[in-house]
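Here are my notes on the core and the aromatic rings. Please read them beside the model.

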Amino acid sequence: MAEVQNTSRVVGVSGNMVTVEFDGKILMNEVGYVKLETPEGTKRLKSEVIRVRGNRADLQVFEMTRGIGVGDTVELTGNLLSVTLGPGLLGQVFDGLQNPLPQLAEECGFFLDRGVYLEPMPDREWEFTPVVKTGDTVTRGDTLGTVPEGIFNHHIMVPFNMYDTYKVKSIAPKGEYRVIQNIAEIEDAKGNTYPLTMKFEWPVKRAIDAYAERLKPIEPMITKVRLIDTFIPVAKGGTYCIPGPFGAGKTVLQQITSRNADVDVVIIAACGERAGEVVETLRDFPELVDPKTGNSLMERTIIICNTSSMPVAAREASVYTALTLAEYYRQMGLDVLLLADSTSRWAQAMREMSGRLEEIPGEEAFPAYLESVIASFYERAGLVRLKDGSCGSVTIGGTVSPAGGNFEEPVTQATLKVVGAFHGLSRERSDARKYPAIDPLESWSKYRGSVDPARTDYAWNILFNGNDVAQMMKVVGEEGTSIEDYIVYLKSDILDSVYMQQNSFDPVDNAVSVERQKHIFDIVFRILSAEFDFQIKDEARQYFNRMRQLFLDYNGARWNTDEFAAKEREIVDLLSSKQKGLDENAAG
């Protein structure tokens with residue numbers, strides 16, 4: 001429990017915000033505990049200073065404020081809102097304040113009690129192997145030793161808040177130690193000695209920057225979703241957002257991504273989501289098989305839960321807690337994917353707190369600083385080179401839930417200004433049972449994908465031109481369209497149906513390796529760039545319907561099998577039977 005530095009008195013309560021009068025010093029974002037007398041005893045409710053005016057401060061309380069009254073005592077700790085970092089975090093389910101939810105449920109039952117805060121890491125022994133020796137020079141972020149955690153070697157590092165250069169005075173030999181035991185002593189230039197354990201704390205709203213330099217993210221993060229990897233890719237260390245109307249498949253797409261993404265650690269921040277969806281996530285994830293290891297996916301996953309029924313202030317804490325844990329594992333040279341679902345609920349929490357603070361509202365009553373807060377969140381993603389030369393990355397994927405699917409609303413627009421890729425879901429594609437429901441005509445990416453950009457640009461043109469023809473046919477009808485335009489329309493349709501869409505129920509087609517994606521795209525590209533010898537539209541329509549059916553069977557065949565080769569031969573033969581030439585504008 002944090003040491004009390006100062007006390008103050010409550011002078012006002014508004015929702016989950018309390019106003020206090022204080023003497024002496026107080027810090028922005030300082031943690032305080034509101035003391036509440038209840039029949040069960042005294043409870044201490046965690047809160048955070050969010051505004052200071054004269055001798056008064058406003059604190060957002062991360063618990064229900066029922067029962068708090070004027071005159072109640074608030075204990076100020078002098079510490080910022082922090083998380084505990086160390087081995088044992090992987091595989092855990094936390095709330096926004098890093099309380100392990102299973103242990104909290106064991107202690108409180110089905111209804112979580114207020115004022116109960118538990119240690120986030122299990123009290124167990126870890127097999128520590130030192131990598132430094134007495135007399136070595138270390139700085140913050142340097143590795144002192146490692147312990148095995150799941151499939152990784154967890155680095156025990158010099159705490160990030162120790163900014164001097166130190167000499168290792170002593171280091172524990174290889175053996176088993178608990179996280180609270182001293183494993184090293186380091187000494188600064190003035191002769192001060194600091195004992196170190198395997199864990200330390202770091203404030204959640206401060207980015208971890210104990211690395212050598214930031215690098216431009218260029219390596220694609222493979223998701224095994226063809227539309228994303230080929231046309232609207234995401235880079236390791238990059239950012240992307242998934243806006244879409246309610247029920248369009250944002251959460252499903254995030255779960256598929258978390259399972260198949262080419263990353264080491266996955267962190268899910270369920271921020272303000274409905275309890276039913278969160279329960280589904282908690283129930284499904286331990287049963288999901290990790291394609292990398294064959295074990296449970298939870299072994300390399302951390303889930304931060306904050307449902308819509310929890311206090312709104314805790315939503316903000318959950319987002320920053322998840323982000324800090326992601327940065328911590330990046331410091332070990334790992335690739336981390338952070339999925340925030342949903343940033344709209346977080347923005348709604350900010351709007352509620354801004355209203356209680358009586359700030360001047362911005363667009364749709366969101367605070368005027370909404371854009372800068374969202375930007376500062378996504379800016380903490382990145383690819384970094386560490387001091388030992390290795391690289392680690394944090395990729396952030398945030399969902400946005402605009403009311404009515406309106407992408408012009410403030411949260412979506414503020415997000416679009418800072419992310420590197422936009423995967424917009426559409427109600428029409430979702431209702432048509434198209435998976436993924438990402439609208440390729442609305443989505444974009446600034447990153448380079450796994451396929452030659454010149455070829456994907458050509459395919460994009462076919463898709464957009466085909467959409468133009470489809471819109472024109474709604475006015476003039478099929479009979480008013482030329483055979484050339486009609487073929488463009490059919491080409492765009494087959495690109496969408498056989499390559500951009502996948503069968504999520506098919507064990508082969510639901511996750512496609514990048515090697516197979518490149519191979520299939522080569523064949524699709526040959527179709528798109530071919531010039532055909534059709535005399536009438538019926539002939540063209542029947543030909544493309546036949547091609548589509550062959551492709552759907554082909555997509556379900558296992559990679560590099562006899563069945564795969566036979567179905568590919570059928571497609572190539574059908575293509576050759578009607579191809580009379582090649583578009584001279586086609587690249588490659």
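How many aromatic pairs does the structure hold? The count is 30, where rings of Phe, Tyr and Trp (its six-membered ring) pair if their centres lie within 6.5 Å.

1. This is a predicted model: local features need pLDDT of at least 70, side-chain atom pairs pLDDT 80 or more, while totals for chains, interfaces and linings use all residues. Residues are numbered from 1 along each chain, and side-chain values use heavy atoms, without hydrogens and water.

2. F407 and F422 form an edge-to-face pair (planes over 60 degrees apart). Their centres are 5.7 Å apart, with 90 degrees between the planes. F407 lies in the loop between β24 and α8, and F422 in strand β25, so the pair ties together parts 15 residues apart in sequence. Strands are DSSP runs of E, at least two residues; helices are H or I, at least four.

3. W559 is partly exposed, at 27%. F564 is buried, at 3%.

4. The largest nonpolar core has 75 residues. Such a core is a set of buried Ala, Val, Leu, Ile, Met, Phe, Trp, Tyr and Cys residues joined through side-chain atoms within 4.5 Å. Helix α11 gives the most to this core, with 8 residues. L495 is among the members that touch the most others. Its contacts (heavy atoms within 4.5 Å) include F231, V524 and L528.

5. F231 also belongs to an aromatic cluster, together with Y458, W460, F464, Y499, F521 and F525.

Conventions:
Buried means under 20% relative accessible area, exposed over 50%, partly exposed in between (1.4 Å probe, protein chains only). Lists of a residue's contacts leave out its neighbours within four places in sequence.
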